[in-house]
Amino acid sequence: MLLGLIVAVFCAYARTAGPRPIRYLIVSYVELIRNTPFLVQIFIIYFSLPALGIRFDANEAALAAMVANLGAYATEIVRAGMDAIPQGQIEAGRALGMKRLHIFRFIMIFPALKTVFPALASQFILLMLGSSVISAISAVELTAVTNSLQSTTFRPFEFYFVATGLYLLMAISFRAVLGIIYWAIFIRRRPADGRAP
């Protein structure tokens, strides 16, 4: 989640302020990831890239696929937050002689993330739930372990029922943790008079 968010912030900035070739490259990356199945992306990283000499073990391939997938979706979310920043604030930064990177860092990114944090939190939960797909390449994950246990005990109902409960518990826990993070970063830091920091 953290690596995917870093990729998203970088891509969102480069797409709005980078040179034209970089912007086209990022648009292509986002469209490629958002319009192809996650399972196919995992298979390309794990099965196809070794033909080019790039090899990952199952867990590394799963991590790379999840970061790339989240990065693409979150790029559009972060960019939407940046588009919501009042143009007057950006122009004020330019009038003060701030460079693009400084405007992004000191004026845009914090309120943008605050605006889109609920959407990002939902995307994080979807990523966690979607991690079940990585069992297709035998990466160590809850679904893979569940498949292994039920295939040796022939008790699919019990094991998949428990796995469902664990996924539900993790999703609820993640939502609680993300809610605490939102409060600590965006609410608690707000001055007493209610104005944005």
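**Surface patch, helix and side-chain pairs**

A: Leu-2, Leu-3, Ile-6 and Leu-63 make up a nonpolar surface patch with about 410 Å² of accessible area together. Patch residues have over 30% relative accessible area and no salt bridge, with nonpolar side chains (Val, Leu, Ile, Met, Phe, Trp, Tyr) joined within 5 Å and like charges within 9 Å. Areas are Shrake-Rupley with a 1.4 Å probe, and for residues only the protein chains shown count as cover.

Q: What kind of model is this, and how are residues numbered?
A: The model is predicted: local features need pLDDT of at least 70, side-chain atom pairs count only at pLDDT 80 or more, and totals for chains, interfaces and linings use all residues. Residues are numbered from 1 along each chain as its sequence is written, and side-chain values use heavy atoms, leaving out hydrogens and water.

Q: Which helix gives the most to the nonpolar patch?
A: Helix H1 (residues 2-17), with three residues. Helices are DSSP runs (H or I, at least four residues; strands are E, at least two), numbered from the N terminus.

Q: What do the buried residues of H1 pack against?
A: Helix H2 (20-34), helix H4 (58-83) and helix H6 (100-130), where contact means heavy atoms within 4.5 Å. Among the buried ones are Gly-4, Val-9 and Cys-11. Buried is under 20% relative accessible area, exposed over 50%, partly exposed in between (1.4 Å probe, protein chains only).

Q: Switching topic: how many salt bridges does a search of the whole structure find?
A: Five, each a side-chain nitrogen of Lys or Arg within 4 Å of a carboxyl oxygen of Asp or Glu. One of them joins Glu-76 and Arg-34, at 3.9 Å, N to O. That pair links distant parts of the chain, with Glu-76 in helix H4 and Arg-34 in helix H2, 42 residues apart.

Q: Glu-76: buried or exposed?
A: Buried, at a relative accessible area of 15%. Arg-34 is partly exposed at 37%.

Q: What else does Glu-76 meet in a salt bridge?
A: Arg-79, at 2.9 Å, N to O. Both lie in helix H4, three residues apart, about one turn of the helix. Arg-79 also forms a salt bridge with Asp-83, with the closest N and O atoms 3.7 Å apart. Shared partners join Arg-15, Arg-34, Glu-76, Arg-79 and Asp-83 into one network.
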